[in-house]
Every structure is written in structure tokens, then in C-alpha cells.
Amino acid sequence: MSLKSGEIKRLIKEAMPDAEIIIQDLAGDENHYSATIKSKVFNGKSKIEQHKIVYKSLKGKMGNELHALSINTMEV
Amino acid sequence: MNENTKEKISELIEKNDVCLFMKGTPDVPQCGFSLAISNVLKHLGVSFKGVNVLENNDIREGIKTFSDWPTIPQLFIKKEFIGGCDIVKEMFEKKELQAKLSEKKIPYKN
């Protein structure tokens with residue numbers, strides 16, 4: 001089970017077209033990533049809500065195909 | 001999630017002021033993210049209950065529905081869902097976690 005970083009980026013971009021996204025493959029195994037995402041979609045929302053938006057954009061892949069994604073969200 | 005599992009989860013977060021749903025135990029965490037939160041809590045000297053989801057698949061799946069959050073670990077303080085590893089680490093660094101503990105009257109050391 002793995003997911004390419006380009007696919008992660010594409011899914012997030014689809015849900016948040018304005019997002020600036022940096023994906024890092026932490027272990028080089030296509031299974032442990034970190035994502036830094038900057039979007040106005042996050043403005044005024046709690047961290048929990050912001051992370052939920054990211055999880056939703058990944059359409060159920062989080063915790064399944066994608067084992068580990070460290071998320072860092074930023075408001076614009 | 002069946003009612004039984006939901007009740008079990010509710011009971012766990014009601015009985016334990018600080019409750020961490022994790023992979024492994026506080027002594028032997030089996031996932032880096034679980035280890036990270038466990039270490040933050042230990043560093044703050046907070047006494048907490050670690051619930052090893054690897055021992056109970058109903059809870060492992062149920063907790064994700066319960067808090068509408070797809071990953072484990074998950075931290076609860078006085079029944080409030082605080083977040084997963086990234087959020088807890090960030091809150092700790094910004095001293096927001098310490099503020100939350102004070103607000104909820106949970107003893108910790110700085």
C-alpha cells in the first residue's frame with residue numbers, strides 16, 4: 001500500500017485550488033510523507049478543522065493506502 | 001460502529017481525564033506518532049491512560065468514526081478531542097497544550 005507524492009498533491013489541489021503545497025517523502029518509501037499546505041480555505045478555522053479538510057481531500061486514503069502523513073497547515 | 005463499541009469508548013474518555021488512543025503502550029509505543037504524543041505527555045509529567053488500539057480492532061476502527069478523524073494516535077482531555085500527533089506537538093511547542101491542561105485543571109510540570 002502506497003501513494004505517490006504527486007497523487008497526494010493532486011488530490012489536495014483538487015479540493016483546494018489556491019493551495020501552495022510542499023510534499024516530502026520522509027523515508028523514501030512512498031508511505032511516510034509530510035505535507036505543508038498554505039490556503040485561504042484554512043482561514044479562521046481551528047487546527048482540527050484544518051486537518052479534517054486535508055483528510056477529506058484525500059478521500060478516505062488516509063489511514064488506508066496512505067499510512068503516515070504529517071500535516072502542517074497555514075492560513076493565508 | 002456498534003453501540004457497544006461507542007459505549008466502551010465513551011466510558012474510557014469519561015473515566016480517564018487524559019486518554020490517549022495509541023498503537024502500543026506508553027512504555028512500548030509501536031508507532032512513531034504514538035511515541036511522540038506519549039513523550040510529550042511524559043515530558044509534562046501528565047498522568048494519562050494509554051489505550052492500545054492494536055489489542056482491540058473494534059476500538060481501533062470505532063475511534064475513527066467517534067471523533068471523525070482517520071488516524072491514530074488521538075488525544076482526549078476531559079472528553080474533548082484535542083487532535084493527533086501534529087496538532088499536539090504544535091500545541092506543545094506553542095504552549096497551547098500547557099494552557100489547555102491548566103484550563104482543564106490537569107496537573108503537569110513545566
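1. In H2(B), Phe33(B), Ala36(B), Ile37(B) and Val40(B) meet Cys85(B), Val88(B), Lys89(B) and Phe92(B) in H4(B). Contact means C-beta atoms, placed from the backbone, within 7 Å. By class, this contact holds seven nonpolar, no polar and one charged residues. Ala, Val, Leu, Ile, Met, Phe, Trp, Tyr, Cys and Pro count as nonpolar, Asp, Glu, Lys and Arg as charged, and the others, Gly among them, as polar.

2. This is a predicted model: local features need pLDDT of at least 70, side-chain atom pairs count only at pLDDT 80 or more, and totals for chains, interfaces and linings use all residues. Residues are numbered from 1 along each chain as its sequence is written, and chains are lettered from A and ligands numbered from 1 in the order in which they are written.

3. The axes of H2 (residues 32–43) and H4 (residues 85–93) of chain B come within 9 Å and cross at roughly 30 degrees. H2(B) is therefore roughly parallel to H4(B) (angles under 35 degrees). Axes are lines fitted to C-alpha atoms, for helices over the stretch in contact; angles run from 0 to 180 degrees between N-to-C directions.

4. Chain A has an open sheet of three strands, ordered E1-E2-E3, with mixed pairing. Pairing requires at least two DSSP bridges between two strands. Helices (H or I, at least four residues) and strands (E, at least two) are DSSP runs, numbered from the N terminus. The edges are E1 (20–25) and E3 (68–74) of chain A.

5. E1(A) and E2 (residues 32–38) of chain A run antiparallel, joined by six bridges. Ile23(A) has Ala35(A) as its bridge partner in E2(A).

Technical notes: Parallel < 35°, antiparallel > 145°, perpendicular 65-115°, else oblique. Contact = placed C-beta atoms within 7 Å.
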